[in-house]
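Trainee: I have a structure open and would like to learn how to read it. Could we go through some features together?
Mentor: Gladly, let us look.

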Amino acid sequence: MAFVKKINISSEAKSMGIDFYVPFLIILIAILYTCFSPDLESLQYISRIIEFVVCPIAAWWSVYLFLDHSSNKKDKTAELRPNSSTPILSYGLIRVTSFFLIFLAAFFVLLISITLRYPYPYISLFNLTIIYLPQTVLYCYLGFFLMVLSRNIAIPLFILLTYIAVKYWTTRDIPVYNVMSFSIDMQLYPRIILLAVKNIALALALAIAGHFILVRQKKI
């Protein structure tokens, strides 16, 4: 596990500056909205906030981790050149996953706040985890894959924002893969369980593909 020790999370976070706090801010806003939501009808809006804002922000650190923050701030090209002494697994997947676990800790605070605000049998932490967690995993490794593939922050951000905007306005009306469950009542249905499995499988495929792209780039 020596490659894990090479990850300095505090140093990485400091290098990102204010960008590091964006996911926390988004989750905090969602928690505040949940806590002060007026009635049960607000659940559909909370669900939309989670699926169209909170879950996609899981890709934020996956993208920003590969910027060269030590150079000109206006230079938004990817660094993608780990030191020869840094294992590529530590530089890529382990690094991204470490920050994703931090995101999950904050994300579960949001899910717990929902169960406390709406103490109904069908709104359980288990149900919310199955509905939303696979979405965050997919966005995280999609951001990682797009960033190492494009080597420019504008491309993954544009793709993610375009996908989210199109899905927000059309829901399931266009033949593009649906990451979102569109479960406005936050109940667990068989189709959502199947979607969760698909999201996890696709996330693993993207993580592995992103890793091999990094390996290839390091050899060039």
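Trainee: What volume does the largest cavity have?

Mentor: The largest cavity has a volume of about 40 Å³. On a 1 Å grid over the protein atoms alone, a cavity is a set of points where a 1.4 Å probe fits but cannot get out, and lining residues have an atom within 4 Å of a point. Grid points are joined across faces, edges and corners, and the volume is the space filled by probe spheres set on the points. Before going on, please note that this is a predicted model, where local features need pLDDT of at least 70, side-chain atom pairs count only at pLDDT 80 or more, and totals for chains, interfaces and linings use all residues. Residues are numbered from 1 along each chain as its sequence is written, and side-chain values use heavy atoms, with hydrogens and water left out.

Trainee: Which residues line the largest cavity?

Mentor: The lining is made up of Pro 23, Ile 57, Ala 58, Trp 61, Ser 62, Val 96, Phe 99, Phe 100, Phe 103 and Cys 140. By class, nine are nonpolar, one is polar and none is charged. Here Ala, Val, Leu, Ile, Met, Phe, Trp, Tyr, Cys and Pro count as nonpolar, Asp, Glu, Lys and Arg as charged, and the others, Gly among them, as polar. Helix 6 gives the most to this lining, with four residues.

Trainee: How many helices and strands does the chain have?

Mentor: Helices (H or I, at least four residues) and strands (E, at least two) are DSSP runs, numbered from the N terminus. The chain has nine helices and zero strands.

Trainee: Which residues of helix 2 are buried?

Mentor: Buried means under 20% relative accessible area, exposed over 50%, and partly exposed in between (1.4 Å probe, protein chains only). In helix 2, residues 9-16, the buried ones are Glu 12, Ala 13 and Met 16. They cover an arc of only 100° around the axis, which puts them on the same side of helix 2. That arc is taken from the directions from the helix axis to the C-beta atoms. On the face turned away from the buried side, you find the exposed residues Ser 10 and Lys 14. Just after helix 2, Gly 17 takes a positive phi of about 65°.

Trainee: Where is Phe 20 found, and what does Phe 20 touch?

Mentor: Phe 20 sits in the loop between helix 2 and helix 3. Its relative accessibility is 11%, so Phe 20 counts as buried. Contact means heavy atoms within 4.5 Å. Not counting residues up to four places away in sequence, Phe 20 touches Ala 13, Trp 61 and Phe 99.

Trainee: Which residues of the largest nonpolar core touch the most other members?

Mentor: In soluble globular proteins, nonpolar side chains tend to be buried together. A nonpolar core is a set of buried Ala, Val, Leu, Ile, Met, Phe, Trp, Tyr and Cys residues joined through side-chain atoms within 4.5 Å. In this model the largest core has 62 residues, and Phe 103, Phe 107, Ile 114, Tyr 139 and Tyr 141 touch the most other members. Helix 7 supplies the largest share of this core, 13 residues. Setting aside neighbours within four places in sequence, Ile 114 is in contact with Thr 34, Ile 46, Ile 50, Ile 123, Leu 128 and Met 186.

Trainee: What lines the largest pocket?

Mentor: A pocket is an open set of points with protein on both sides within 12 Å along at least five of seven lines. The largest pocket has a volume of about 220 Å³. Its lining consists of Phe 52, Val 53, Pro 56, Ile 57, Ala 59, Trp 60, Leu 157, Leu 160, Leu 161 and Ile 164. Helix 4 and helix 8 are the elements that give two or more residues to this lining, and helix 8 has the largest share, four residues. All ten lining residues are nonpolar.

Trainee: Is Lys 167 buried or exposed?

Mentor: Lys 167, in helix 8, counts as buried because its relative accessibility is 0%. Ile 159 also lies in helix 8, but Ile 159 counts as partly exposed because its relative accessibility is 37%. Beyond neighbours within four places in sequence, the contacts of Lys 167 include Phe 52, Tyr 177 and Phe 182.
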